[in-house]
Amino acid sequence: MDKLHTLYYFLDLAGTFVFAVSGATAAKQRGLDLFGICAIAFTVACGGGIVRDLCIGAIPPAGLTNWYYLVAAIIAAGITIGLYPFVQRLNQPVIFFDALGLSLFAITGAQKSLAYGHNAEVAVLLGITTAVGGGVLRDILLNRIPVILEKEIYASAALIGALIVVLGNHLKWISSDWVTIIALIVCFGLRLLALRYHWNLPVYSNDKTE
Amino acid sequence: MDKLHTLYYFLDLAGTFVFAVSGATAAKQRGLDLFGICAIAFTVACGGGIVRDLCIGAIPPAGLTNWYYLVAAIIAAGITIGLYPFVQRLNQPVIFFDALGLSLFAITGAQKSLAYGHNAEVAVLLGITTAVGGGVLRDILLNRIPVILEKEIYASAALIGALIVVLGNHLKWISSDWVTIIALIVCFGLRLLALRYHWNLPVYSNDKTE
Amino acid sequence: MDKLHTLYYFLDLAGTFVFAVSGATAAKQRGLDLFGICAIAFTVACGGGIVRDLCIGAIPPAGLTNWYYLVAAIIAAGITIGLYPFVQRLNQPVIFFDALGLSLFAITGAQKSLAYGHNAEVAVLLGITTAVGGGVLRDILLNRIPVILEKEIYASAALIGALIVVLGNHLKWISSDWVTIIALIVCFGLRLLALRYHWNLPVYSNDKTE
């Protein structure tokens, strides 16, 4: 299982990096300055995890203490600024790694909450928060309605992933490594299928009065 | 006093439910999807309490651990979606229970802060936060200026309620059950009177330059 | 060094006060009511410090327990409302004390994080957060993109100040009082020079598509 943990570590960094690229891209399009772009990149990459750590009592939050998250965010911001035309053409890989990041963050978020002794509901809610919190903070800072509340199976995929972790941990039918793998595959697959076939959750806006 | 506690419990759930309905209604009007509506409903119902719990060190926040808050929010979202024309006609009862929720959250917020050993200022500030924090987060997520900062005696009623709890607790002239009842009545009455007679706090906008 | 601490204390209050004035001014211009103006004034003055205290585990946050911060914010709001034409003409002193507040908050933020036993990265990130967090929260509440992400050397000056504190604390070449003084002078001078000569960080918005 050693290879699994190396893979795991690589995926965590890849997810952080891609989340940061998505933040830096949005910040650049809004005309923010160099500091603003780095700040938004870091916020998207680490914001969800920081909120999770505050809620489970993991002080100080991992996003603030582990330098490689910050470095990954700054490198992502630098690449986005320096190689913007190239980054724009990377749409496919970015979507792919974003889905990976989403899955990974949802599952590690739920696992960390359980590891800190909290109950199933906390784990599911904070799994979702870890996965989508950064993106929500990005949209709040960029002054728009969080995109994940409006369209596509995104947070819902994170919900399913976190649920599988909690159920697997409760039922103990299989080893926790297998639970992790299954949760990752289901969450990631669901997100990719939703993108491929344009699956959306229902919207009920017969009266957009405001 | 057993009946009082049953009543208390019922009012807490009723407040949660009505706050969630107000969140779900606003989210639906903005065209959010099913997940977005549930997320905003839960945020309005539990957001203020979660911020309070983070500030007083009640980890994990009660809003994340007690499943009935989440269930109340999801039921409220379901009813808002399914029975929208009906919910719209419920304006009067919603305003009534919203005022109740405001009063109850302000008072329980202040009480919980005192129970965790914090001082009077913390209790008053977090009483207000518990009462209005969810609504502020809703307006931030829906990308508008928090309505409670703009009009009507709303947060101010919460301030009065929390102040009564802190004073009552400090002076100890009467039992804490009576303090709770008086604070509830004053806060609730003030809010209803403000609605009835359109009381507002002063605004000073001779130059809306921005 | 007793005089230094009296000066320090005076500057802390002056910074709090000026931050509150900037919040109250912005809130008044947006047409918020009396409570809204006080709430925004308090948020700008204490918001950054409260987020820092949540992240380092200083529960309850100092901004909530020390009554003089609240009083300074309310007095600042009262003066802004009552003497608005006067406050508007105070532009120069406000910018001067805002730069002082920025420097002071960045440095005390970094020092408090180190004093709680956290590492260099946490201290730098939370030094910046203390200095600019209140302004970011103000802009989020007033529904606009945080101005510090868009222009001028502002957060970057806080970053330099916090970095000097962390380096000084690590290298121990000089006493911590001297580190504080040097960090203050550099951060404050950098901010004033940036204002005087219109220094900005680069912006890369060849495509403001959104």
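The model is predicted: local features need pLDDT of at least 70, side-chain atom pairs count only at pLDDT 80 or more, and totals for chains, interfaces and linings use all residues. Residues are numbered from 1 along each chain as its sequence is written, and side-chain values use heavy atoms, without hydrogens and water.

Interface
- On the chain B side, Asp33(B), Phe35(B) and Leu64(B) lose the most area to chain A, together 24% of what that side buries.
- The contact (heavy atoms within 4.5 Å) involves 34 residues of chain A and 31 residues of chain B.
- Between the two chains there are 0 salt bridges (a side-chain nitrogen of Lys or Arg within 4 Å of a carboxyl oxygen of Asp or Glu).

- Residues 34-55 of chain A are 100% helix and 0% strand, with end C-alpha atoms 31 Å apart; helices (H or I, at least four residues) and strands (E, at least two) are DSSP runs, numbered from the N terminus.
- Residues 178-199 of chain A are 86% helix and 0% strand, and their end C-alpha atoms lie 27 Å apart.

Helix 9
- Ile182(A) belongs to helix 9 of chain A.
- Ile182(A) is partly exposed, at 35% relative accessible area (partly exposed lies between buried, under 20%, and exposed, over 50%, with a 1.4 Å probe and protein chains only).

Note on methods. Chains lettered and ligands numbered in written order. Buried area = accessible area lost by both parts, 1.4 Å probe.
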